[in-house]
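Have a look at it first, then work through the solutions one step at a time.

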Amino acid sequence: MLTYPYAGNQPPVLHKNGDQVEVPTDMFYAELSGTWDYDGDGYYGDYFGDRETEGADQYCELAVGRIPVYSSNDMTKLDKILSMAMTYEDATNTSYRQKHLIAADILNFAPLDLNGDGDTNDKGELPDPASHTYGDGWGEAVKNLTLQNGNQPFTLYEKAGLAYPDTWCNAPLTKDNLLNEWKIRSINYNFPGYTLSSSDHNI
Ligand SMILES: [Ca+2]
Ligand SMILES: [Ca+2]
Ligand SMILES: [Ca+2]
């Protein structure tokens with residue numbers, strides 16, 4: 001992956017360095033360890049070459065967010081977002097933040113024929129019947145962290161289809177179960193890459 005600062009309404013410009021594709025990111029504002037072009041090849045944030053301790057190690061030193069408002073016509077929308085942020089910061093009853101919703105689907109399982117040509121020998125395909133990436137391993141790790149910190153996890157894992165994990169969970173992962181738990185409990189939710197609160201969003 002290659003990365004560069006994203007200027008909001010500027011469309012991403014894609015170019016390739018080998019098999020790596022350029023991706024817009026705000027990580028430039030948060031990853032402050034060292035130079036983003038550690039290997040000096042002119043490409044910033046290379047996964048191979050720049051992801052070093054003295055380069056951009058991709059462990060961010062700051063947490064940076066972006067409010068998605070780009071037009072003066074959206075001031076009402078901006079006011080609403082800022083008001084919600086202040087309500088969150090000023091809340092006195094924060095017990096709901098101890099309830100964590102952990103939803104994990106299946107990322108892949110063998111046999112995987114990505115290009116549909118009838119074999120499993122092409123790039124990225126999985127021929128080994130034992131190969132799979134179930135989300136329950138990630139979910140259980142997050143669940144354990146949640147418990148260690150005195151919080152209350154609620155897990156939803158895939159339980160339908162040709163293959164799914166045997167790991168126990170509070171409810172099967174379905175759209176209805178996910179939305180019901182989210183709405184009923186007003187809880188934090190976790191899935192790979194995100195930890196947000198349902199009080200922050202209208203669903
Ligand atoms: Ca580089
Ligand atoms: Ca860093
Ligand atoms: Ca294939």
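Of the protein chain's 203 residues, 16% count as buried (20 or more other C-beta atoms within 10 Å of a residue's own; 12 or fewer is exposed, in between is partly exposed, and C-beta atoms are placed from the backbone). This is a predicted model, where local features need pLDDT of at least 70, side-chain atom pairs count only at pLDDT 80 or more, and totals for chains, interfaces and linings use all residues. Residues are numbered from 1 along each chain as its sequence is written, while chains are lettered from A and ligands numbered from 1 in the order in which they are written.

**Exercise 1.** Work out which residues make up the largest nonpolar core.

*Solution.* Start with the rule: such a core is a set of buried Ala, Val, Leu, Ile, Met, Phe, Trp, Tyr and Cys residues joined through C-beta atoms within 7 Å. Here that gives nine residues: Leu101, Ile102, Ala103, Ala104, Phe154, Leu156, Tyr157, Cys169 and Leu173. Next, look at the strands (DSSP E runs of at least two residues, numbered from the N terminus). E4 (99-104) and E7 (152-157) each supply at least two core residues, and E4 gives the largest share, four.

**Exercise 2.** Decide whether Trp168 is buried or exposed.

*Solution.* First, locate Trp168: it sits in the loop between E7 and strand E8 (171-172). Then count: Trp168 is exposed because it has 9 C-beta neighbours inside 10 Å. Finally, check across the chain: its C-alpha atom is 9.1 Å from that of Asp136, 32 residues away in sequence.
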